[in-house]
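Have a look at the structure first.

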Amino acid sequence: MIAPIRQWPLRDRLWLFTLAPILLLLGLLLFLPPDGVQRSNWAQFVGGFHLLTIHFPIALIFLIPVLEIAGRSRRFHHLRASVELILALAVFSAIASAILGWFLARSGGSIGSLVVQHMWGGFFVSVCCWLCWMLKGRFAGQRLDVPYFSALILTVVVVSFTGYRGGQLSHGATHLTEHMPGPLREWLGVTKQEEKSPTAATTPDSSFAARVEPVFAQNCVTCHGPSHQKGGLRLDSYEAVMRGGKSGPAVKPGDPNNSKLFQRISSPHGSDNVMPPPGRTPLSADQIKLIGAWISAGAPANSTADTVKSAPVTAHPAAEVTFTEIDEAAVAKQRAPFADALANLDKRYPDVIAYESRGSAKLTINASLMSSKFGDDDLAQLKPLYDQIVDADFSNTAITDRSASNLAAMKHLRTLRLMRTKITDATVLALSGLSELESLNIFGTEVTPAALKAAEHLPELQHLYAGETKIAVNVSLPDALKGKVTF
């Protein structure tokens with residue numbers, strides 16, 4: 001008959017109780033994986049500690065084989081007495097670091113194969129550490145603990161793989177081979193990826209591939225490449241750039257000043273919105289102007305380099321790339337009529353409402369941070385700000401078709417995200433009057449093909465994200481929506 005748990009030895013009880021956070025971590029990875037959506041600042045703050053804690057379990061895990069090997073000599077035999085304690089610390093720190101890593105990936109808007117492999121690697125490191133800890137106690141005193149040493153070798157292999165994937169996330173896929181000496185590279189058969197020079201294109205060629213893509217490859221693909229996509233945005237091909245990310249299109253052809261990509265790369269260095277983020281090498285002024293000129297020329301896939309070079313001159317004035325100083329007084333005057341309402345709503349919904357930019361009176365809403373705590377009544381509270389809202393994200397909230405009329409009242413919306421909400425065709429039909437709407441995301445809703453009739457009459461619509469809805473992939477699309485619907 002099995003004895004009650006409280007009668008078990010303390011070591012056995014600790015083994016059992018440690019399984020609870022491991023199972024919690026497994027549930028988080030299975031049911032709440034990263035999806036490219038940015039969430040609460042608090043969650044991102046907590047997740048940031050992953051970068052501080054990750055090296056502690058790694059150091060402990062690599063210390064254990066050293067102690068085991070040294071402890072087999074008579075002179076250092078006493079070192080082995082500390083192994084079990086170090087294993088226990090490795091277990092708890094590995095679990096804590098893996099959970100913090102989940103917070104960072106889930107809330108920071110990261111997706112991609114590298115993220116998935118690194119997260120699952122962290123889970124298996126925790127499991128392997130726990131297995132080593134258990135086997136060390138079970139086979140203590142034996143001359144050769146084959147199960148324990150086998151598990152220890154496996155743990156070292158798993159943590160090495162996981163650490164390598166983490167390095168690729170932080171420093172790029174080629175971080176170990178980028179500066180490898182030539183003789184060693186040749187001996188190992190590692191090929192060096194030649195970098196393209198964005199200034200080398202002087203002959204007719206694809207303006208994107210010859211001039212713009214090298215800038216992205218050099219500065220952006222670590223976080224926006226095939227294996228890792230912050231915000232669901234990839235910048236490693238023309239098609240990916242034009243497709244945009246979770247927040248909608250990144251490029252508005254012919255209008256760099258209203259293109260999110262250009263807004264981010266041209267933000268003041270050190271600001272929260274600048275890309276590449278603070279701590280990484282910013283784009284040079286020439287690179288920023290090059291991308292702005294490419295967008296100003298219509299963001300072409302194929303045209304001569306000279307077309308891009310001369311784009312700011314030939315493009316209409318509204319699309320020229322400008323770096324004007326912000327008139328603080330003028331901006332304050334534009335914001336004054338709704339400043340009090342915004343202040344009150346900001347207290348009620350912290351981190352949900354923000355200005356589009358430092359020099360704008362337009363607003364962006366990200367209620368997805370509140371998840372199911374934000375519903376129809378909350379959306380109605382934003383009424384004093386409706387005329388200023390140009391970007392709204394209500395994904396994963398509790399809003400329903402009751403909010404259809406309120407959404408329709410946001411006449412200046414350019415981007416609207418309603419992912420995984422309870423809206424139906426009624427809401428989409430109500431949006432037919434949004435003449436400025438460029439991107440609509442209804443992913444994971446109950447919307448049917450009947451809603452396409454309303455969508456085709458949105459004059460500025462460029463992107464309709466309809467995956468996991470009742471709209472089949474092979475549905476017959478109206479001519480006005482062909483090439484605009486993504487499943």
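## Overall make-up

The protein chain holds 20 helices and 9 strands (DSSP runs, H or I of at least four residues for helices and E of at least two for strands, numbered from the N terminus). This is a predicted model, where local features need pLDDT of at least 70 and side-chain atom pairs count only at pLDDT 80 or more, while totals for chains, interfaces and linings use all residues. Residues are numbered from 1 along each chain as its sequence is written, and side-chain values use heavy atoms, leaving out hydrogens and water.

Of the 487 residues in the protein chain, 46% are buried (under 20% relative accessible area, with a 1.4 Å probe and protein chains only).

## Two packed helices

Now turn to helix α4 (residues 55–70) and helix α7 (residues 146–171), which pack at an angle of about 145° with their axes 10 Å apart. Axes here are lines fitted to C-alpha atoms over the stretch in contact, and angles run from 0 to 180 degrees between N-to-C directions.

Which residues of α4 meet α7? They are I58, I61, F62, I64, P65 and E68, and they meet Y148, F149, L152, T155, V156, V159 and S160 in α7 (contact means heavy atoms within 4.5 Å).

## The sheet

An open sheet of 7 strands runs in the order β3-β4-β5-β6-β7-β8-β9, with mixed pairing (two strands pair if DSSP finds at least two bridges between them). Because β3 (353–355) and β9 (485–486) stand at the edges with a single partner strand each, one side of each has no neighbour in the sheet.

Strand β8 (residues 463–465) runs parallel to β9, joined by 2 bridges. Y465 has T486 in β9 as its bridge partner.

Conventions: Buried means under 20% relative accessible area, exposed over 50%, partly exposed in between (1.4 Å probe, protein chains only).
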